[in-house]
Amino acid sequence: MKEPNCQEVAELTATHRIEIRPQEGTGDPQGAAVAHEIAELGISSVSHVRAVRLFFLFGDLSADDARRAGDDLLTDPVTETAYLGSSPGLDGGAVIEVHLKAGVMDPVAASTETAIANMGLAIESVRTARRYELIGDVSPEQCETIARRLLANNAIEEVYFDAYTPPAAQGQSYTLDIVDVPIRDLDDAALEKLSKDNDLFLNLTEMKGIQDYYRRIGREPRDIELETLAQTWSEHCIHKTFRSDVAYEGTPIPGWPQDEWRVRSSEMLADRKDAILASLANAGIYDDSIPRVWDEICRIAEEEFATGEAIVSLSLEEETIGVRVNEREVYGGQWVDMDGKPFVKLRIPDLLKTTIFSVTEQLAKPWCISVFKDNAGVIEFDDKHAICFKVETHNHPSAIDPYGGAATGIGGVVRDPMGTGMGARPVANTDVFCFGPTDMSLDDLPKGVLHPRRVMRGVVAGVRDYGNRMGIPTVNGALYFDEKYLGNPLVYCGTVGLLDRDKCFKHPQAGDAIVCVGGRTGRDGIHGATFSSGELTHEHETEFSHAVQIGNAITEKKMLDVIIQARDAGLYSAITDCGAGGFSSAVGEMGEELGAEVHLERAPLKYAGLSYTEIWISEAQERMVLAVPPENVDRILALCAAEDVEAIVIGHFGTEGRILRLFYDGQVVGELEMEFLHNGLPRPTKEAVYEKADRPSPAPPDRDSYNDVLLKILAAPNVASKEWVIRQYDHEVQGGSAVKPLVGVDGDGPGDAAVVRPVLASRKGVVISCGLNPALGDLDPYQSALHAVDEALRNMIAVGGNLARTALLDNFCWGNCNKPDRMGSLVQAAKACRDAALAFETPFISGKDSLNNEFQTDTGETIAIPPTLLISAISVIDDVGRCVTADAKAAGNYLFILGRTGSLLGGSHVLKVMDLPSGTDVPPVDLAVSREVMEALQQAIEAGAVRSCHDLSEGGLAVAAAEMAFSGGLGVDLDLAAMPDGEPGLPPAALLFAEYAGRFLVEVTPEQHDAFLRIVKSCPFGELGQVTDTGCVVLRSKTQTLIDIPAADAKAAWQQTFNW
Amino acid sequence: MTTPKALVLRAAGTNCDRETEFALEQAGFEARRVHVFRLMDKPELLKDYQFLLIPGGFSYGDDVAAGKILAGQMLQRLAGPLNEFVAAGKCVLGICNGFQVMVKSGLLPWGNVTADQAHRDVTLTWNDSGMFVDKWVRLRCDSDRCVFLPKGEVIDLPIAHGEGKFIVRGGDGDALGRLKGDEQVAVRYVDADGKAAFEGGCPDSNPNGSVEDIAGICDPSGRAMGLMPHPERFVDITHHPQWTRGGVQRADGRLFFDRAFEYLRQG
């Protein structure tokens, strides 16, 4: 606690403290919300809370001036009263004031400053703070708890338990001091220490690569050069783990590797010998067996040459290795290790390229315009427009400051489409969060971890405030809870953008001016790129608080407004965002082929005192970099000035020898070859091990009724209604909403996917959906990834998407992939992505990974997140008027199930709510059948034969049926004996709750019954029953009633969990 | 008669300007989005237009309070031209943040942009829930003076705001009585049966705690109106949350733009 020191402050500068207090009787919802949260903490002695806003005005202002600002600007005269000065202490209560730490961005202060200046007052600066007056008998310890747990974030804020008036914010001056970092003579230990001490997060191989480079060019690096390398080579910026070669050992991966050689003569075969032998070895065939296999290949091939071509193939199938010549087996059988388990050794070159990139290449869809190259993947929308989509994560910053981290997460991903091609206009946002359990007791929290409830409130508020202010509808998302996310909450944010077909590519030119547009550069967010590459520890909260970024959505919105005008006027030749790594990444990427010169002292700063390196790597938000032909510079600067957007020329592209040259006050402070910067990173080989466990789940005991099981699943946090979150997001701004995240007769049922019309004058739409199954990630990463793809596509199809025009995005969040077992499950999941995309013919167009989500507790325990793969799908459809929603429409309509159900329950909710441990028996995804079902359903929806449709996911058929019923305000009556040809004699728990992929529940009118049947007849389907007007959810198996509950009760259970 | 022209005013943080422009064009207007700085530099621009739209969004981030800073700019720099605009028989519609700006600049409720009347008698403050909310509401027009809707009309529109609770200063003067007496209560939140909560309707139909369920008001002339719900977000059948259930016959938000167009075209 700090003592107030008003006297001293007052002498420094003319300071006015203004308190804006709620008037009695007009309501104080902010205060009431805090009181509610205090009660949630278990502190019952606070009867109510008054929330007071504080403004501090600095400058040559009289008390009357300050009063005028208070009364005319800062106060709502109908509901509030302004007081100049400090209120006296409180009788029978306590005061908590929360002030921002010096240097932390304060958007409200900035706007207030401008507004007061507009009143003609001599304001110099403004600070703001929040004051809470707690009425009741509250102890100092309780105050401390309330402040720490609820009101203030230590990383960015300071707490005072009395009236406090801060000094005016002042930066120190900066004197140029160029820093060399001797590296050439360091030994391994000293290199590692250098990396660690400077938070470079570079490993020894990388540090040695840098050392070799500087030895070669015969000098020591400057600090700014090391920072540039660290940023450019960071996990965040270059996906170095995912792009590394992998040495994999463990359970065979179906279908991989697969090699094929077509030969027509002995000579041709001999030419291929080395390649074939290498492939055999690569597939794990023991060295001493290889000559025998080769001889056999030669023998059979010779016979085949007599009749024509011989195709030598090698494939790894379900746990067997197969070497064949024209389908004649040369070598086969299960490949096992010493203990008799299936086992292979593989070398996988460039994991990302081999899996995800290659499938897109192979599918070669003509409607893919730009994939994996730009800030977002771009696909065709219509003749004139393209659509781009990017999903990012902002996990570590959100762990430390949930509000600021999430806000800048959304702010950052919005700049990705803005920086794609020649700039896209953002048209929709998505968000997916993973948190620890929100009902966890405070006592069980590891040290250094914020309570999940607080993390969730902060993250939701951050996305809300930034997305809503930007005017981008947040239309789709998911929430997931698991204890393993305690120290590493996951925050995925996505943005869809619209751009012209002829503006999908950028071409920066030598001689173009480098123009920085938008926000000012400050010390905020320094080391974000490298910080996101490291593991979190309980000490990070303080160590890395400078990596926290505070966003200002309006700065970004203003910037967007002028950029769209400049784009349409054709004033620039390239654009990119200042993401992680700031100018360093933006200029480094855009100037890769050209070289660049940058004068760092020209960058507008939030406050004085930044070193040249800090300016270069600062991750201050809301900045974009444009390459502007010299003749357009004045026009672009004038355009920005007209809307109060800062823009400044900081250098130019194009240097001899593609050099990046950095200046400060005319002196060269750093020089790097673009070639080394972008291609100098040593590509390591990562070790990966994976051994599939084979542990069946217990069979749930049969029961007379499953009513309570259904209610428990509906109330489970991962299933329950997320309306509390969804309603806080503006999901309709921009006027393109066609299918909303909440659907049904009361507008509160679960929607499968969102549909928006990005071009208002057109009927065309985009469907946006997602799939995420962390519960399966630890059990079977391969199947888990298949489930994620299947779920994203299911959700997309369920509302009327077009599978033939659907693209996918991947976002992998994993534990520390320097550990071979994490890397092993990553290999499995990446391979599954490839297999699924190939089967559905849905290319990946963009992706991002975060591969270091582990938390070290103060007791030395490591908590790794479960492997968490988010798949986002985007589909272009011709007419949103054909879309369907999941709510049941009318009694008397028929209900069909599409897709097969089996007996496996691994990872299912039914095990969880019945307190049974899950095995590893995740239901396998049958990709071929799933595609067949989706295509038939798509055809049926397009033909107008479907009234409603809901995908079956968590909680299986029973949950889907209940959701359809209560969303439509109706009942359903289903007989599960009509389930399609799965395994005979499935137990009730599997029929009701198994979570097999590729399934839908579909409502069809009597008039369309036959037409629908004709379309789906080749798929597995079953006619289960009807929609009823009884208001009850009834599921029976022949004569036995398994579930019979009022739909209203099901809805109440589903809604109660997050009724905050 | 030439095509009526509509000016969509935008400022830093305005974000419903494009769809509002689209809704205006759909109704037949020639619409243009104009930045407030440009209008401050050249206030005579207003003379070319018959309809001023102040759209939704978060002007200046709603820092300090919703709409307050843009309202201040209008008071300090545009008071004369705006008052002339209203006096010349033209129309003004403020939607959501635009309504907040109208209330805080004095355009509403008394149709006069002056410092001593601005933001004195009524305000829009934090929803009772303390939270931003996006949901659909049912509204009833209660004014026979408002040019944008016929009295008694019941429509559906979405809201999306955190500070939409309409309240009237207590104590001196009876501002609420005056508003009601002069037919200035333009729209009220009502329940499925068209009944407002204060008339005994379903209490949940009022989404923010507004006094007497008031969702929007007009000035004494009926030509300047502000409301929290968003008419420009319901100009297509597929905007309605229940359109897939069938039975949505009309995009209710179009009424505002169509009626303003008819009114202004007839002069």
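## Basis of the values

In this predicted model, local features need pLDDT of at least 70 and side-chain atom pairs count only at pLDDT 80 or more, while totals for chains, interfaces and linings use all residues. Residues are numbered from 1 along each chain as its sequence is written, chains are lettered from A and ligands numbered from 1 in the order in which they are written, and side-chain values use heavy atoms, with hydrogens and water left out.

## Cavities in the structure

The whole structure holds 8 cavities of 30 Å³ or more. A cavity is a set of points, on a 1 Å grid over the protein atoms alone, where a 1.4 Å probe fits but cannot get out; lining residues have an atom within 4 Å of a point. Points are joined across faces, edges and corners, and volume is the space filled by probe spheres set on them.

## The largest cavity

The largest cavity has a volume of about 770 Å³. Its lining comprises 40 residues, of which G477(A), A478(A), K722(A), P750(A) and G751(A) are the closest to the centre. Strand β17(A) contributes the most, 7 residues (strands are DSSP runs of E, at least two residues; helices are runs of H or I, at least four; both are numbered from the N terminus). Other elements giving two or more residues include β16 (425-435) and α27 (781-798) of chain A.

By class, this lining has 21 nonpolar, 11 polar and 8 charged residues (nonpolar: Ala, Val, Leu, Ile, Met, Phe, Trp, Tyr, Cys and Pro; charged: Asp, Glu, Lys and Arg; polar: the others, Gly among them).

## The second largest cavity

The lining has 5 nonpolar, 6 polar and 4 charged residues.

Technical notes: 1 Å grid on protein atoms, 1.4 Å probe; cavity = no way out; pocket = protein on both sides within 12 Å on 5 of 7 lines; lining within 4 Å.
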